[in-house]
Amino acid sequence: MEIKYYDKGRFIKNTQHSNIKNGVLLCKKCQRWYPIEDSILIILPDNLIKYDHQNFISKYGDRFRRNNKKESIKNHEDTLKINEINKRDEEADIYHNFGSEFHDKTEREHFLRILRPDYNEVIIELGCGTGRITEDFAGKVSDYIAIDFSKKSLELLKKKVKADILCVKGDVCNLPIRDGIASKIISAQVFEHIPGENEQQKFVKEIRRVLKNGGQAGLTIYNYSIEKRWKRDFQKKGFHADKIYYENFTSKELLKYFQSCFEILELRGINCYLPKLSRLNNNFLRRLIESILSRTFLNSFLGNIWLLSIRKGQS
């Protein structure tokens, strides 16, 4: 791979791979090239990038070989992903207003508990968004790769996170990463937004592919809890704001995806719901009750999201 950066209207070869604001990553073997824009490496698959109207190609594509992109066919899943890309970009500035601050803190604490970052590790975060989880891990490991397909979210993440990390605009179902380099993988509330069983299976296989033998992954995923089942108009799967696909999962459904590929270290419901619990003004008491519930058999019924910890075998 060769990196070139853009300066004063022309591309200049650069042997230093860091601190490139605008440029391209060029594969000498196949002559394909990937834009670097605002220090974000863009490696979306062809079936998604051709619809990215803000991308680098429209500005500088005439300076490279025209056969850079392969012909691709847009399917239903691609359309859903493109809709989500646009919606995530649109809402990136207000994303931090969504959800509960209390639940957010609980989820972040669980990730730190199950993954315990070590400086010599390589951690990859799939679907990093604006950096809600990234802040807790970046800077604590030697290499951190944050992947999302919303460029606007990645731009906000770079402003928020001061540690030196690699931000990649990519598809978590088609990771632009070589096999077996990740010590650990983080994925916070991403799996539920992957449309369709085929894409969901690709996501699971990609985690297995890029993890080292013995590597560990931590995920949080929507739980089809009792609270949701009781809601009159609630749908197990559907769309947020008519654009972002979502699906809630039972423990049996998650095990079907992950158990054949990984050792299951932990699967429990967290951010447990009880009527009127959210009205308590005492955060210590709320945290105590939630902690107790998440350690009992009730967690699978009451947890708003699943916490899943998995490990790749040594073979």
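**Salt bridges in close-up**

View 1. Helices here are DSSP runs of H or I with at least four residues, and strands are E runs of at least two, numbered from the N terminus. The side chains of glutamate 91 and lysine 87 meet in a salt bridge, at 3.6 Å from N to O. The term means a side-chain nitrogen of Lys or Arg within 4 Å of a carboxyl oxygen of Asp or Glu. Glutamate 91 and lysine 87 are both buried (under 20% relative accessible area; exposed is over 50%, partly exposed in between; 1.4 Å probe, protein chains only).

The model is predicted: local features need pLDDT of at least 70, side-chain atom pairs count only at pLDDT 80 or more, and totals for chains, interfaces and linings use all residues. Residues are numbered from 1 along each chain as its sequence is written, and side-chain values use heavy atoms, without hydrogens and water.

**View 2. Arginine 132 pairs with aspartate 104.** Their closest N and O atoms are 2.7 Å apart. Arginine 132 is in the loop between strand 6 (122–126) and helix 5 (134–137), and aspartate 104 is in helix 4 (residues 101–115), so the pair ties together parts 28 residues apart in sequence. Both residues are buried.

**View 3. A network of salt bridges links five residues: Asp104, Glu107, Arg108, Arg132 and Asp136.**

**View 4. Lysine 231 forms a salt bridge with glutamate 227.** The closest N and O atoms are 3.7 Å apart. Lysine 231 is partly exposed, at 44% relative accessible area. Across the whole structure, the search finds 22 salt bridges.
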